[in-house]
Amino acid sequence: GQQVMQIPQYQHVQEGEDFTTYCNSSTTLSNIQWYKQRPGGHPVFLIQLVKSGEVKKQKRLTFQFGEAKKNSSLHITATQTTDVGTYFCAGPDNNDMRFGAGTRLTVKP
Amino acid sequence: DVKVTQSSRYLVKRTGEKVFLECVQDMDHENMFWYRQDPGLGLRLIYFSYDVKMKEKGDIPEGYSVSREKKERFSLILESASTNQTSMYLCASSYRGPGGYTFGSGTRLTVV
């Protein structure tokens, strides 16, 4: 089955700095999803990208889907302490989604 | 507010016990999933179901079974709990086809 690799595994930033996490697939994806899991919480669906080269924004979060539909990124501008958590990407694999290992973001006030 | 509800937030069981983890969703979703989440290993799929009475093995089905007798309910069963099954268990559901998963709050199971 396809594999979804996510980097970096951890990222520590100063509040106000930008943050980016990258997701790469071994196969072409029909879509890619992003989730956020706060410490002690459960994953919450953020967004789904479907089209090649697609870019979507949610306030300070920018999501991109690569032209070849094999990679994606999530960029957060001017991080805040509320951005703390683990960000997962996920791509379809037969009847379910294959999750990346996640990028754990910590923010120093 | 749509929900996936897991019956217990914390659970402590003894080695060898039969354990039932229950999950109920109120969104009329066709698909339901059971994952376990362990530090450094991410989310690993145990079993999923895309219809009533249907089930498919995920990546780590050994030591687990599932039951889906009604559309809204998906149960995970640990036939004989072992210490290596100590983990956070997450249930999720989704519509058939592309679309995000809705996760439950999780059950943190400790097997002693």
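**Disulfides, sheets and cores**

Reply: C23(A) and C89(A) form a disulfide, with their sulfur atoms 2.0 Å apart. A disulfide here is a pair of cysteine sulfur atoms within 2.5 Å. Keep in mind that this is a predicted model: local features need pLDDT of at least 70, side-chain atom pairs count only at pLDDT 80 or more, and totals for chains, interfaces and linings use all residues. Residues are numbered from 1 along each chain as its sequence is written, chains are lettered from A and ligands numbered from 1 in the order in which they are written, and side-chain values use heavy atoms, with hydrogens and water left out.

Me: Which hand does the disulfide of C23(A) and C89(A) have, and why?

Reply: The torsion about the S-S bond of C23(A) and C89(A) is about 75°, so this disulfide is right-handed.

Me: What parts of chain A does it tie together?

Reply: C23(A) is in strand β3 (residues 19-25) of chain A and C89(A) is in strand β9 (residues 85-93) of chain A, so the pair ties together parts 66 residues apart in sequence. Strands are DSSP runs (E, at least two residues), numbered from the N terminus.

Me: Are C23(A) and C89(A) buried or exposed?

Reply: Both C23(A) and C89(A) are buried. Buried means under 20% relative accessible area, exposed over 50%, partly exposed in between (1.4 Å probe, protein chains only).

Me: How many disulfides over all chains?

Reply: Two. C23(B) and C91(B) form a disulfide too, their sulfur atoms 1.9 Å apart. The S-S torsion of C23(B) and C91(B) is about -80°, so that disulfide is left-handed. C23(B) sits in strand β3 of chain B and C91(B) in strand β9 of chain B, 68 residues apart.

Me: And why do C23(B) and C91(B) get the label they get for burial?

Reply: C23(B) has a relative accessible area of 0%, so it is buried. C91(B) is at 0% relative accessibility, so it counts as buried.

Me: Switching to sheets. What is the strand order in the open sheet of four strands in chain B?

Reply: β1-β3-β8-β7 of chain B, with antiparallel pairing. Two strands pair if DSSP finds at least two bridges between them. β1 (4-6) and β7 of chain B are at the edges with a single partner strand each, so one side of each has no neighbour in the sheet.

Me: How many bridges join β1(B) to β3(B)?

Reply: Three, and the two strands run antiparallel. V4(B) has Q25(B) as its bridge partner in β3(B).

Me: What about the sheet of five strands in chain A?

Reply: That open sheet runs β1-β3-β8-β7-β6 in chain A, and the pairing is antiparallel. Its edge strands are β1 (4-7) and β6 (55-58) of chain A, each pairing on one side only. Four bridges join β1(A) to β3(A), which run antiparallel. V4(A) stands opposite S25(A) in β3(A).

Me: Now the cores. Which residues of the largest nonpolar core touch the most other members?

Reply: W34(B), I46(B), L76(B) and Y89(B), out of 21 residues in that core. Strands of chain B that each supply at least two residues of this core include β4 (31-38) and β5 (42-49). A nonpolar core is a set of buried Ala, Val, Leu, Ile, Met, Phe, Trp, Tyr and Cys residues joined through side-chain atoms within 4.5 Å.

Me: What does the second, separate core include?

Reply: Among its 19 residues are F19(A), C23(A), I76(A) and Y87(A).
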